[in-house]
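Please look over the sequence and the structure before reading on.

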Amino acid sequence: MTAETETRTIEIDVLRYDPDSGAPPRYQTYKVPFQHDTSVLVGLQYIKDHLDGTLTFRWSCRMAICGSCGTMINGIPQLSCHTFLRDYWPKKLRIDPLEHFPIIKDLAIDQTDFLNKLDSVKPYLIPKQDKPLSEGAYLQTPKQMEQYYNYSQCINCLLCYAACPQYGLTPTFTGPAALALLHRYNADSRDVGWSARSDVLNSEDGVWRCTLVGYCSEVCPKNVDPAHAINQNKVNSTLDYFGVLKLLSTVGFGK
Amino acid sequence: MQVITCDVVVVGGGGTGLRAAIAIAESDPKLTIALVSKVVPMRSHTVAAEGGAAGVIRGDDSLDNHFNDTVSGGDWLCDQDAVQYFVEHCVEELVQLEHWGCPWSRKDDGNINVRFFGGMTVQRTWFAADKSGFHILHTLFQTSIKYPGIQRYDEYFVADLILEDGRVRGVLAIEVATGEIVLFEAKAVILGTGGAGRVYRQNTNAGIVTGDGMGLAYRHGARLRDMEFVQYHPTCLPGSGILMTEGCRGEGGILTNKDGYRYLQDYALGPLDPWPRPKAMELGPRDRLSQAFWHEDQKGNTFKTPLGTAVNLDLRHLGEKKILERLPLITEAARVFAGVDPVTDPIPVRPAVHYTMGGVYANMTETEVPGLFAAGECSSVGIHGANRLGSNSLVEIIVFGKVAGERAAAYARTVPDGSSAGVRQQAEESASRLLALLKNDKGERVATLRDEMGDAMETGVGIYRSASGMKTACDKIAELRARYRAGIALDDHSRSFNTEWLTTIELGFMLEVAEAMAHSAYNRKESRGAHVRLDEYSTRDDDKFLQHSLATYTGEGPPAISYQPVTITKSQPRTRSYGGAGKQAVMT
């Protein structure tokens, strides 16, 4: 039997919480058979299908693009589809819901706060004037795309919020993913929405709440680097404060 | 029971549903729109589409080319009036997405770039690297936030449609977080619920792709059309079925068997040279490529992996720079999920179920139930025929999503206000049935039936089919439906976030959709597009089967299968051929 097909067994402790029962959260241990390519998600699915249908978690695409399956795996925010049981065996593995969010049930957290923050940054293109479809697409060179492209890669998986100690302490902080998205539109050559977004950006809960820990960028599964977006905007926010940004933006600064 | 009243309910928060909701809001800001989705919109399966979206923009391309590629790609089972509308509206919708911010990949001069795809005469596929669906979905989701008329109900699972006096009156949904049952009373309902690939065991689809919308409409009298046409995508990771985009081949990737031989030249897709050449070899259509794999497998020319036999998808000659620029998602997916680096090694791939060409029969998105509209993969508006061309579905969702939105808005304005005791009564009865499922603790596990269904479909209604195999699948699905009715035992009887309960409801939809597929296939006594038979019906039979199949729900029994003519305007059926002589293409 080769290592690729060998079946081993790993113990997984999963945080359980049922809001209907009123009982406090607890850990439950499951024994899960796995092979070389078994992800943590597939392990959870095995439990759900065969051992305990009450275990609750979100998942969908199982290929790290839908952003549904973020959990704390041994205390580190990760996508469960993108993390493999082989890397934890023979030790036990502990799975918790994402930090800093209220738990609905087991590993399913309440994402409402994040969704509201996403709304708050006006994450849509604000053009100088409406361009008729008959005029075709805007011109945008690869170099102009580079200014925002990385920040458009966010899958909203919330790992960065679970990683951010500041969000844990101050839940009103707009937070990494939403601020990175704000910057994504500000940095787009087709967009002139800077001033519409500046209140959120410059406010106490905007970029200035960030204390530059940088763990958000470390855990990001898509290398979006929200820490860079935020700290670049501390500069922009300062220039804005002194009225310089407006002048610089007319010559394409930040685009 | 909580009752929410609105003008239009949009079921599904993927590309179709979001585009439809925006179209309603733009056509009449006074209309109230409930966008009801079982997941937060950006989790919808549109997110996983990779390769791109077709739209004619090159000087050497034409709408006629797009039309002809689509109609021949669909083996002449397309409704040509729908195809004509479709090809005429692709570019404006793709430009609309660009105006909303979608980061389409560009040429150095700042114009949109396009790539090759299978079955295309010239480059026509707009792409955002290999994350086209991801960017389309996030662009639409983020743009939808601008419209105050769109009220989102994220993580509300639609479990039933409510009809009265022969027209749709609303939907019944379960609020996932609390398990509360909510009635949405509406004048019009749009289904944008996606496909049903999860009825098969090995597929490229997300877990949520369970045919809910098809099942909802079917149970209430709308017929399912062309359900036998299920697309196998030729290049997926063994086991998981994770998709390696057709864009790999559009960028010049090749397929080789265990001996390093480009086997497609043996299956009417050659000759090999000149390469690359449109509509030949690796740039052939998906049905033909999946069928070629099957033959290679029969001949013993594939190689074994722990998760099934495979062939090589080889990108190495493209070079690291191009691979990382054009194909970053599949590169990462191959590295993480298959342990293979496409820069240095070929990727092992095999076909997996990818797309349902059929769906709820809809004439320009209007279904047979007044007030009920359908668009995108859950629908059959008639553009895919017997085999969909890659990159037509991502445009379909925006072109017909918009049509559905505009038509539903217009319809809603013609329907009087007012609730009805009958509607409430029906909702209460439907809720009782849902709660009975929740309370059941006797019977089989949901996973047992789900897995048996997936295996039966894979075996009996796969790439190649025979009468006996399809009959076995029909019988098996009937047996599974009977076992389902006998009861699914739940471990979880609580109301809050009960995904076991929701999965059980989904399985009910899936079994009925699978049955429609199996019977539609069994009854089509010819071979066409993705429906190919090994028995005496191995060729196309235009005399008898240049017709759409229609599956009518009959309750506990099997569906009744009938037929309907195909609309042909300017392209008469002829032999569908690929390969042959041709000019070498210059890749862009």
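Q: What percentage of the 255 residues of chain A count as buried?
A: This is a predicted model, in which local features need pLDDT of at least 70 and side-chain atom pairs count only at pLDDT 80 or more, while totals for chains, interfaces and linings use all residues. Residues are numbered from 1 along each chain as its sequence is written, and chains are lettered from A and ligands numbered from 1 in the order in which they are written. A residue is buried if 20 or more other C-beta atoms, placed from the backbone, lie within 10 Å of its own, exposed if 12 or fewer do, and partly exposed in between. By that criterion, the buried share of the 255 residues of chain A is 49%.

Q: How many helices and how many strands does chain A have?
A: Helices (H or I, at least four residues) and strands (E, at least two) are DSSP runs, numbered from the N terminus. The C-alpha atoms of chain A, taken along the principal axes, fill a box of roughly 65 × 40 × 30 Å. Within chain A, the tally is 10 helices and seven strands.

Q: Which element gives the most residues to the side of domain 1 of chain A that touches domain 2 of chain A?
A: Domain bounds, which come from an automatic or database domain assignment, are 8–109 for domain 1 and 112–249 for domain 2 of chain A, and the C-alpha centres of these two domains lie 31 Å apart. Counting two residues as in contact if their C-beta atoms, placed from the backbone, lie within 7 Å, the contact takes 14 residues from domain 1 of chain A and 12 residues from domain 2 of chain A. On the domain 1 side, β3 (70–73) and β4 (76–79) of chain A are the elements that give two or more residues. The largest share, four residues, comes from β4(A).

Q: Which element of chain A gives the most to the side that touches chain B?
A: The contact between the chains involves 46 residues of chain A and 48 residues of chain B. On the chain A side, two or more residues come from each of α1 (40–51), β6 (103–105), α2 (112–120) and α3 (142–149) of chain A. With three residues, the element that gives the most is α3(A).

Q: Which strands stand at the edges of the open five-stranded sheet of chain B?
A: Strands pair if DSSP finds at least two bridges between them, and the sheet has the order β20-β18-β12-β23-β24 (chain B), with mixed pairing. Two strands of this sheet each have a single partner strand, so one side of each is left without a neighbour in the sheet. These edge strands are β20 (379–380) and β24 (560–565) of chain B.

Q: How far apart are the end C-alpha atoms of α14(B)?
A: Helix α14 (residues 499–523) of chain B lies across β12, β23 (547–552) and β24 of chain B, and 24 of its 25 residues are buried, so α14(B) is largely enclosed by the rest of the structure. The expected span of a helix is 1.5 Å times one less than its number of residues, which gives 36 Å for α14(B). In agreement with this, the end C-alpha atoms of α14(B) are apart by 36 Å.

Q: Which residue of β9(B) is the bridge partner of B:L163?
A: Strands β8 (residues 156–164) and β9 (residues 167–175) of chain B pair in the antiparallel sense over eight bridges. Eight of the nine residues of β8(B) are buried, so this strand is largely enclosed by the rest of the structure. In β9(B), the bridge partner of B:L163 is B:V168.

Notes
Axes fitted to C-alpha atoms, helices over the stretch in contact; angles between N-to-C directions.
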